[in-house]
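Subject: Handover of a structure and notes on its interior

Dear colleague,

Please find the structure below, together with its sequence. My notes follow it.

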Amino acid sequence: MALAFWRSLLKPKMPGDMSVQEVSRSIQLPDLYEAGIAELQQGLEKGRFTSVDLVKAYLARIEEVNLNGAALHAVIETNPQALSQAAALDTERENNGSRGPLHGIPLLIKDNIATLHEEGMNTTAGSYALLGSEVAGDAPVAAKLREAGAIFIGKSNMSEWAEYRGQVPSGFSGRGGQTVSPYYPNGDPSGSSSGSGVAMAVGLAAGSLGSETDGSIVLPSSNSNIVGIKPTVGLASRTRVIPISSTQDTVGPMCRSVADAALLLYFIAGKDENDEATKSQPEIPHYMKALDKDALKGKKIGVPRNLMKENNPDEEDFNKALDILRSLGAEIVDPADFRNAEELKAPDLGEYEEVVLTVELKVGVNKYISELRKRPPNINNLADVIKFNNENKDKELPEPYYTDQSQLYKSEDSKEDEQYYEAIKKDYELGRTEGIDATLKEFELDGFVLPSYNANVT
């Protein structure tokens, strides 16, 4: 089906009867379901197709399945300037050569990551309350990809306010509707980067960006059978990304292959003077050079069995994955249990995190709104968002399953007090100092491996 889109959209570049040439070119075209960024770039460099052709094909694919057909609701809006940007990049390639591996490559970007308002797309975290707001410019992660030649063909749908509005199904936003699993209509697309995950599963762009506070890249990537990388906090900038938590938020790639995800990570990583967390990061490695089939030889990978749930239905498949890692030269230390596993599984840990996120959501959202170049009418802080939702229930709180915004109320009532600072301290001690760092040291490990699901902590 994807190849049919190419054939219907590509036209001969010269007059006359060129049906043979057109068919010949069509045979060389990649399948958008499977094509990696490197393959697409190679086709662009060899003149088999143009970036305009690519954008047309992806937009046609979005038109077919996003609101029509399967109605996946993976994309919240498309870029009205995508074709003109693609044409400009095609001309630049012809006149000056390529900028690099992302030149003319169409990407999707999550709706909480700011893109130039002048481009014609909104940045709203899925909420009507922020519709029409004007950001001061690209988020630095978006600016880096744009500078590398990428084209943002649309914004991907998401769980509204990054799934921190209240008890609402994963993948739902007022603006974007309910994101649907690409494999089974009643399946869980997971959140909050649900749109990015589903879009990659069905080939709506060559790559995408998501964000994570607690599982929002890893889990939708797992559910959509794609590759997601949740970077260490501070590896990539969070400036002009609608926040939940300054302590935990991070932006990362969601793609169909490890190579594509590594490529996007390479371009978005780096220091940002406006994001304090990025200033403590060491020199950024070249992630593409790490794509070595022998990279696992001699590496010690630990399996924290006491963090996995009992009666794990995926345990057989997980153990097969361990065998693959062994076949690639890794030494599997099984088990490599956390000494503080019971503390990590205790309800207190979740309560500590909830305190941190509840307080930081209010602080972060108020700061984000204050820095907008233009705010929507009567939207100046989180309290105004809550009021907007109550006054626009038909858009934001529709019956029967989407009526809750209890988390926003909790955040509005919170404050940075002793309980908050104690919660940050306990999270750090339990998760890092006494958890990950201590276990890495005890077993002399290079890393851990766990199932995406069926683990007691994320």
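Before the notes on strands, one term is needed: two strands pair if DSSP finds at least two bridges between them. Please also bear in mind that the model is predicted.

**Strand 6 and its partners**

Within strand 6, the bridge partner of L107 is G207. The strand to which strand 6 is joined here is strand 2 (residues 106-110); the two run parallel and are linked by three bridges. Strand 6 is also joined to strand 8 (residues 250-255), this time by five bridges and in the antiparallel sense. There, E212 stands opposite T250.

Is strand 6 buried or exposed? Buried means under 20% relative accessible area. Six of the six residues of strand 6 (residues 207-212) are buried, so the strand is largely enclosed by the rest of the structure. In a regular strand the side chains alternate between the two faces of the sheet. In strand 6 both faces are covered: G207, L209 and S211 are buried on one side, and S208, G210 and E212 are buried on the other.

Strand 9 (residues 300-302) is joined to strand 10 by three bridges in the parallel sense. As part of this arrangement, G302 stands opposite V333 in strand 10.

**Nonpolar cores**

In soluble globular proteins, nonpolar side chains tend to be buried together. Here, the largest nonpolar core has 85 residues, and L145, I153 and L204 are those with the most contacts inside it. Apart from neighbours within four places in sequence, L204 is in contact with Y58, R61, I62, V65, A74, V75, L108, I153 and A199. A second, separate core has eight residues, among them V303, M308, I332 and V449.

S194 lies in helix 8, which covers residues 194-201. Its relative accessible area is 0%, and S194 is therefore buried. Which residues does S194 touch, not counting residues up to four places away in sequence? They are N157, M158, S159, G171, T179, P189 and P220. S194 and A74 are 120 residues apart in sequence, yet the distance between them in space is 7.3 Å, C-alpha to C-alpha.

**Cavities**

Rolling a probe the size of a water molecule over the atoms shows where empty space is left. How many cavities of 30 Å³ or more are there? The count comes to three.

The largest cavity holds about 70 Å³ of space. It is lined by 14 residues, of which N112, S211, E212, T213 and D249 lie nearest its centre. The lining of the largest cavity divides into five nonpolar, six polar and three charged residues.

The second largest cavity has a volume of about 50 Å³. Its lining consists of S159, E160, E163, Y164, R165, G166, V168, P169 and F172. By class, four residues of the lining of the second largest cavity are nonpolar, two are polar and three are charged.

Two residues link these notes. E212 is buried in strand 6, and E212 is also among the residues nearest the centre of the largest cavity. S159 is touched by S194, and S159 also lines the second largest cavity.

With kind regards

How values were computed. Residues numbered from 1 in each chain as written. Predicted model: local features only at pLDDT ≥ 70, side-chain atom pairs only at ≥ 80, totals over all residues. Heavy atoms only, no water. Helix = DSSP H or I, 4+ residues; strand = E, 2+ residues; numbered from the N terminus. Buried < 20%, exposed > 50% of the residue type's maximum accessible area, 1.4 Å probe, protein only. Contact = heavy atoms within 4.5 Å. 1 Å grid on protein atoms, 1.4 Å probe; cavity = no way out; pocket = protein on both sides within 12 Å on 5 of 7 lines; lining within 4 Å. Points joined across faces, edges and corners; volume = space filled by probe spheres on them. Nonpolar A, V, L, I, M, F, W, Y, C, P; charged D, E, K, R; others polar. Core = buried A, V, L, I, M, F, W, Y, C linked by side-chain atoms within 4.5 Å.
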